[in-house]
Amino acid sequence: MTTPSVATDAGALLGVYARVGPLFVAGEGSELIAEDGTRYLDFVAGIAVNALGYNNSIFRDAVLRALDTGLVHVSNLYRTEPGERLAAELTSRAFPAGGQAFFCNSGAEANEGAFKFARKWSGKTDIVAFTGSFHGRLFASLAATDRPDYRRPFEPLLAGVQIIPLDDEDAARRAITDRTAAVIIEPVQGEGGVRPVPAPFLSFLRELCDSHKCALIFDEVQCGLGRTGTVFAAEQAGVVPDMYTLAKPLGGGLPMGAILVTNQIAEALAPGDHATTFGGGPFVATVALDVVRAIADADFLADVRAKGEWLGGALTALASRSARVREARGRGLMWGLELNEVAAPVIAAARERHLLVLTAGPTVIRIVPPLTVSREELERGVATLVEVLS
């Protein structure tokens, strides 16, 4: 029997992505390597996923150690050590009084599960989200995402979801009532334009949720786990939610999401209330535990903050010099340059100069390099942006 040859051709993939650029075959540090050997400085990092960059020894060693056990998957019908250890690591950092974790496979799944948990705990149904939000593309998470063009082809979505103006206390008072099960917000919005939410507004939401006995969910899928220079972005506001949703960097590039819940929320849930086949399996949990411990290291986070301060200063200076740039905003190693024009041509021009950046809305350039990026690489990337925008 002859095995037919299969060409490497993107035409066999469902066309829901407009893929651009070369065919990438390898990665090292903060660079992706194309099939012709060209190296691209990567300030996308798999959309804020590859926190430790490419071919990192911590990630590689964890993968090999996990493979040595022979346990890749056993299902959640049985106990395995890695998931339990990872849950304890995350919840001890998330909540002063401790909590529990549910592992899944993505950020959208985490947010869908968080909505279910909030409804079960509260006995209520309504959900409040904010303009600029992005929480995923499944039916409940898409209903809470402020992208009408994404929602419209798939309506009707989940009923009872309101999207209200961000940082508007009066609008929040009107929308959050005794019918509200959950309020969901990104402490730093990602897809919505890289917008840090002011700490007083997060504190205000905490008080309002307490008064109406509804769950406050912090979606830290993109801004969490070291991206802003602390383990959780909300730490910098001093506000503790009822639930965190996590994903992107959690598995170091392997698919993994998590819902972290307070003990109060956990007490409302029972066997059968939610499930996943693959979530928190021993292979990916082993890797994720080493990734989380590396990111949570005090020296590592201090380095992220120092590099973020330099990057923020450099981008702010760029914005002040270029008539094409309206504003630079961000925190840690999560920054956006809002332009006075459409961003796509600028991103294409940067790619031609071997720098990868991406959008966060039509006019915003998003910069989310690996957290391990060097100062020299940041300088090189900014210099390329200066050249493109000159």
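The following legends describe close-up views of a predicted model. Local features require pLDDT of at least 70 and side-chain atom pairs count only at pLDDT 80 or more, whereas totals for chains, interfaces and linings use all residues. Residues are numbered from 1 along each chain as its sequence is written, and side-chain values use heavy atoms, with hydrogens and water left out.

**View 1. Aromatic cluster of F95, F218, F232 and Y244.** Rings of Phe, Tyr and Trp (its six-membered ring) are paired if their centres lie within 6.5 Å; planes under 30 degrees apart are stacked, over 60 edge-to-face, and the rest tilted. This rule gives eight aromatic pairs. F218 and Y244 form an edge-to-face pair, at 6.3 Å centre to centre with 65° between the planes. Because F218 belongs to strand β10 (residues 215-219) and Y244 to strand β11 (residues 243-246), this pair ties together parts 26 residues apart in sequence; strands are DSSP runs of E with at least two residues, helices runs of H or I with at least four, numbered from the N terminus. F218 is buried at a relative accessible area of 0%, and Y244 is buried at 2%, where buried means under 20%, exposed over 50% and partly exposed in between (1.4 Å probe, protein chains only).

**View 2. Stacked pair of F232 and Y244.** The ring centres of F232 and Y244 are 4.3 Å apart and their planes lie at 20°, so the pair is stacked. F232 is in the loop between β10 and β11 and Y244 in strand β11, so the pair ties together parts that are 12 residues apart in sequence. Both F232 and Y244 are buried.

**View 3. R137 over the face of Y150.** R137 lies at 4.2 Å from the ring centre of Y150. A charge sits over a ring if NZ of Lys or CZ of Arg is within 6 Å of the ring centre and within 35 degrees of the ring normal.

View 4. E84 is partly exposed, with a relative accessible area of 38%. Its side chain makes a polar contact with the side chain of R79 at 2.7 Å; such a contact is a pair of N or O atoms within 3.5 Å, and within protein one must be able to donate a hydrogen and the other to accept it, while residues adjacent in sequence count only if both atoms are side-chain atoms. The C-alpha atoms of E84 and Q100 are separated by 9.8 Å, the two residues being 16 residues apart along the chain.
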